[in-house]
Amino acid sequence: MSAHEIEIILSRQLADSLTVPVFIVNPEGTLIFYNEPAEEILGKKFEDTGPMPVNDWGTSFFPQDEDGKDLAPEELPLVQTIKNKVPAHKTFWIKSLNGKYTKISVTSIPIIGRSKKFSGAMAIFWDNNFIG
């Protein structure tokens with residue numbers, strides 16, 4: 001396991017204690033962690049997938065818009081946050097690794113430490129079927 005910035009370590013600790021699904025990526029966009037609630041929506045444990053480059057995770061879950069059109073990785077909030085270092089949000093459909101389609105809303109935020117260094121990004125998402 002490679003060494004990570006303290007902000008990434010603390011973000012992972014936070015993600016582990018949240019009941020909402022969370023993705024964490026490094027500055028290059030490599031998925032370096034997702035929590036247990038994310039495993040339920042995505043259909044696979046992080047320990048089974050391990051780190052994934054953006055081109056893999058950006059297409060592995062088959063993101064689609066409302067009309068069923070495939071979304072390119074650069075259309076995803078987390079990729080936009082990596083590129084622009086600002087929060088992003090979008091609602092879209094994914095197909096989990098076990099074949100289930102789920103409409104999710106995703107909000108991504110940059111992880112920037114006190115030194116103002118960009119350490120990566122975090123995406124918090126939820127299944128729209130569970131919204132009240």
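Predicted model: local features only at pLDDT ≥ 70, side-chain atom pairs only at ≥ 80, totals over all residues.
Residues are numbered from 1 along each chain as its sequence is written, and side-chain values use heavy atoms, with hydrogens and water left out. Local features need pLDDT of at least 70 and side-chain atom pairs count only at pLDDT 80 or more, whereas totals for chains, interfaces and linings use all residues.

Helix H1 spans residues 6–17 and includes leucine 10; helices (H or I, at least four residues) and strands (E, at least two) are DSSP runs, numbered from the N terminus. Leucine 10 is exposed, with a relative accessible area of 54%, where exposed means over 50%, buried under 20% and partly exposed in between (1.4 Å probe, protein chains only). Together with Ile6 and Ile9, Leu10 forms a nonpolar surface patch of about 300 Å² of accessible area. Accessible areas come from the Shrake-Rupley method with a 1.4 Å probe. Patch members have over 30% relative accessible area and no salt bridge, nonpolar side chains (Val, Leu, Ile, Met, Phe, Trp, Tyr) being joined within 5 Å and like charges within 9 Å. A salt bridge places a side-chain nitrogen of Lys or Arg within 4 Å of a carboxyl oxygen of Asp or Glu.

Strand E1 (residues 22–25) directs Val22 and Ile24 one way and Phe23 and Val25 the other way, and all are buried. The bridge partners of isoleucine 24 are methionine 122 in E5 and phenylalanine 33 in E2. E1 and E2 form a hairpin with five residues between them, and glycine 29 in the turn has a positive phi of about 95°.

In helix H5 (residues 77–84), the buried residues are Pro77, Leu78, Val79, Thr81 and Ile82. These pack against E1, helix H4 (54–60), E3, strand E4 (101–112) and E5.

Threonine 91 belongs to strand E3 (residues 88–95) and is partly exposed at 32% relative accessibility. Leaving aside neighbours within four places in sequence, threonine 91 is in contact (heavy atoms within 4.5 Å) with Lys103, Ile104, Ser105 and Asn128. Its side chain makes a polar contact with the side chain of serine 105 at 2.8 Å; such a contact is a pair of N or O atoms within 3.5 Å, and within protein one must be able to donate a hydrogen and the other to accept it, while residues adjacent in sequence count only if both atoms are side-chain atoms. The C-alpha atoms of threonine 91 and tryptophan 126, 35 residues apart along the chain, are separated by 9.6 Å.

Conventions: Pairing = 2+ DSSP bridges.
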